[in-house]
Each structure stands twice: as structure tokens, then as C-alpha cells.
Amino acid sequence: MSRAAYLVLENGTVFEGKAFGAEKETMGELVFTTAMTGYLETLTDPSYFGQVVLHTFPLIGNYGVIRSDFETPTPALNGYIVREWCQAPSNFRSEGDLDTFLKEKGVTGICGLDTRALTRIVREYGVMNCRIQYTPEVTDEILNELKGFVITEAVEKTTISEIENFPVENAKYHVVLMDFGAKHNIGRELNKRGCNLTVVPAHTKAEEVLALNPDGIMLSNGPGDPAKNTAVIEELRKLTESKVPMFGICLGHQLLALAHGAKTEKLKYGHRGANQPVKELETGKVYITSQNHGYAVVSDSLPEDSEVSYVNGNDNTCEGVTYTSFPAFSVQFHPEAHGGPLDTSFLFDRFLKMMDDNKQ
Ligand SMILES: NC(=O)CC[C@H](N)C(=O)O
């Protein structure tokens with residue numbers, strides 16, 4: 001029998017549950033995801049750095065742990081909350097159960113609490129900080145510490161430290177992927193389409209990126225507040241002047257907009273799930289997308305030589321931008337999916353076409 005664990009919210013609310021995964025006290029920004037599957041991708045997506053992730057779906061872990069589904073080898077999140085974890089996963093690919101995996105990776109979990117009630121609190125009051133601990137007492141000191149918690153150096157802590165190459169046979173393009181805490185599936189989607197990939201650390205200078213002679217530059221997803229990455233934003237501004245085709249996903253989308261003079265804002269509780277509707281403004285078509293973000297580009301702040309290409313079907317926030325004075329576009333959602341639908345993977349083909357057009 002696992003021992004009692006307590007989830008303490010910044011507003012003083014306490015939920016009692018059971019310890020699961022690693023047993024060590026932890027703190028982080030509480031966010032919820034509505035995805036019903038894809039928990040391995042969620043656990044290993046670096047964009048969750050510093051956050052405690054709550055699954056609204058009540059039973060997690062049914063198909064076990066499968067390393068080839070991971071987005072990075074090691075989870076970056078600070079904690080994990082589920083209603084119930086599956087103790088007997090059943091799947092021919094399964095290599096183990098969730099509890100053992102979380103223990104191995106040192107990720108604190110808590111289960112057996114009312115995740116519906118908890119989600120309603122976050123939806124009502126917005127994201128807040130939380131703590132997982134093993135005694136029910138909440139002192140002023142704990143509450144003050146919780147109120148003061150901020151996610152810092154998120155990109156610095158999740159980017160790679162040295163250049164890595166992922167070549168393919170008979171490559172048609174060379175893409176430099178700027179790693180801000182990248183999900184591996186972005187690279188896989190590019191490799192699959194005949195792109196040799198050079199993955200560079202987030203703080204690589206614009207001149208160094210251009211010296212690699214890329215046909216295109218891919219800006220990855222990543223954690224934290226986009227506006228905090230001032231040095232990276234400045235390098236991206238220089239890259240927009242180079243006219244090398246660029247494609248940004250999620251954090252990459254936000255950073256490119258910031259580099260071009262737009263603003264970003266924090267959403268009340270963000271979009272995290274695998275069935276977020278986005279509307280393509282040019283065609284009126286709606287796509288179902290995978291999302292994981294807490295910030296968004298402020299549509300009204302975009303300069304004239306850029307336009308909103310996609311909006312979120314639920315709250316109308318900006319989900320994509322097309323730039324007209326340099327060859328670039330970006331989306332807030334995840335065309336690489338994993339987990340989630342593949343509806344928008346055509347955006348990678350659009351990037352290839354942009355590189356083709358630019359070569360001619
Ligand atoms: N998945 C991402 O790239 C997230 C981007 C950013 N950290 C946000 O929360 O909005």
C-alpha cells in the first residue's frame with residue numbers, strides 16, 4: 001500500500017491522494033491536459049518543464065511504457081497527477097508500468113484524488129502553483145514559497161548542449177532545427193521527407209546557423225515564457241533578414257512573432273490536449289490538433305507584413321502566422337502530433353515547398 005500524499009494549491013486548498021512514482025516533495029505550475037491517450041509523449045515532452053501535469057482522463061497507463069514513443073529520453077516535468085494508474089498494462093509493445101517508470105526517472109506522482117474537482121478549480125481560477133507533499137499541514141511558509149514559484153531558465157535547461165546531426169540517404173534538403181526543448185517527432189517528420197537535419201542548441205548565433213548553409217530553419221517547441229528568451233529573439237530577428245525559409249512550432253512560433261515585433265500573453269489555463277479545433281482562415285476549414293501551450297501570440301500586435309493564418313475554435317486566440325516580407329510561417333499547435341491527430345502534417349510539406357521555391 002502506498003502512503004498518503006497531499007496536493008497543496010497556491011490558494012491553500014488541499015487534496016488527499018496516494019503516493020505514486022518517485023516519493024519526493026515537489027513544486028510546479030499546475031496545468032491540465034485533456035488528451036485521452038499519448039501519456040508517454042506528454043511525460044517526455046520538454047515543454048512541460050517546471051509544470052505539474054494533471055490528466056483529466058481518469059485512467060492512465062493502460063498500454064504501458066514504450067520507449068520508442070518517447071519525445072525525449074527523460075521527463076522534464078516537475079510532477080504528475082492521475083485519478084488512477086493502470087497496474088496491469090496490456091499491450092504487446094509494453095515494456096513496463098508507469099509507476100516503475102516514474103520511480104526510475106525520479107518524477108513525483110500523486111493518484112487517487114478527485115481530478116475532476118481539481119480541473120474545475122484550474123479552469124475557474126487559472127493556472128496556479130502547487131506542491132506534492134506527504135503531510136497534510138500547510139504552513140504560511142509553504143504558501144509563500146508556492147506563491148513565489150516561477151519557471152526560470154526553461155529553454156537553457158532543456159536544449160541540447162552540442163550540435164547533433166541526423167542525416168538521411170538521398171537527402172533533398174538540409175534543415176537546421178533550433179532546439180528550444182524539441183520534441184523528437186519534429187525531426188522525424190523532416191527526416192521522413194528527405195531532410196538532412198542539423199540540430200543546434202537554442203543559443204546558437206544567427207551567423208553560425210547561416211554558416212551551416214541551411215535550405216530551411218525549423219524553430220522547435222519548448223518550455224517557459226517565450227518573452228524571457230531575449231537573446232534568442234534577437235538572433236531570430238537577424239535570421240528573418242537572411243530570407244532563409246523558416247517554420248516555427250509552438251514556442252518557435254511565439255519566438256518568431258516576438259522577433260518580428262509582436263507580443264505574447266499568458267492564457268488563463270492554456271490549451272493542452274489532443275482534440276483542439278483550429279480554423280484555417282483562408283479556407284474556413286477546421287482541423288483537430290494536438291496542443292500544449294500556456295502562452296499565445298496577441299493577434300492585434302502583429303505588424304502589417306504578417307497575418308493570422310489559424311485561430312483556435314474555442315477561444316479565437318492566434319494559432320498561426322504567415323509572414324509576407326520574408327519566407328516564414330508558424331503554428332501554435334503541433335503538426336508533428338505525437339500524441340494526437342495527424343490532420344495538419346501537411347504543414348511539413350508546405351515547408352518543403354517553401355524551400356523548393358526559395359532554391360529557384
Ligand atoms: N509546447 C510549446 O512549445 C509551449 C510553448 C510555451 N512554453 C507555452 O507554454 O506557451
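Strand β16 (residues 286-297) contributes four residues to the shell around the ligand, the most that any element gives, where helices (H or I, at least four residues) and strands (E, at least two) are DSSP runs numbered from the N terminus. The structure is a predicted model, in which local features need pLDDT of at least 70 and side-chain atom pairs count only at pLDDT 80 or more, while totals for chains, interfaces and linings use all residues. Residues are numbered from 1 along each chain as its sequence is written.

The residues around the ligand are Ser47, Asn221, Gly222, Pro223, Gly224, Pro226, Cys250, Leu251, Asn292, His293, Gly294 and Tyr295, a residue being near a molecule if its C-beta atom, placed from the backbone, lies within 6 Å of it. This shell divides into five nonpolar, seven polar and no charged residues; Ala, Val, Leu, Ile, Met, Phe, Trp, Tyr, Cys and Pro count as nonpolar, Asp, Glu, Lys and Arg as charged, and the others, Gly among them, as polar. Gly222 is found in the loop between β13 (216-219) and α8.

In the unreviewed UniProt entry, "binding site" is listed for Ser47, Gly222, Gly224, Leu251, Gln254, Asn292, Gly294 and Tyr295. These positions span 249 residues in sequence, yet no two of their C-alpha atoms are more than 13.2 Å apart, so they gather at one spot. The unreviewed UniProt entry lists Cys250, His334 and Glu336 under "active site". These span 87 residues in sequence, but no two of their C-alpha atoms are more than 10.9 Å apart, so they too gather at one spot. His334 lies in the loop between β19 and α10. UniProt positions are given in the numbering used here, with feature names shortened, and annotations may be inferred rather than shown by experiment.

Helix α8 (residues 230-242) packs against helix α9 (residues 251-259) at an angle of about 75°, with their axes 8 Å apart. Because of this angle, α8 is roughly perpendicular to α9, a description that covers 65 to 115 degrees, whereas angles under 35 degrees count as roughly parallel, over 145 as roughly antiparallel and the rest as oblique. Axes are lines fitted to C-alpha atoms, for helices over the stretch in contact, and angles run from 0 to 180 degrees between N-to-C directions. The contact is made by Val232, Ile233, Leu236, Arg237 and Thr240 of α8 and by Leu255, Leu256, Leu258 and Ala259 of α9, residues being in contact if their C-beta atoms, placed from the backbone, lie within 7 Å. Seven of the contact residues are nonpolar, one is polar and one is charged.

Two backbone features occur in loops. The peptide bond from His338 to Gly339 is cis, with omega near -5°, and Gly339 is placed in the loop between β19 (328-331) and α10 (346-359). Asn316, in the loop between β17 (306-312) and β18 (318-323), has phi near 65°, a positive value in a residue other than glycine.

The secondary structure of the chain comes to 10 helices and 19 strands. Its radius of gyration, taken over C-alpha atoms, is 20 Å, close to the 21 Å that the globule rule (2.2 Å times the number of residues to the power 0.38) gives for 360 residues, so the chain is as compact as a globular protein of that length.

Conventions. Contact = placed C-beta atoms within 7 Å.
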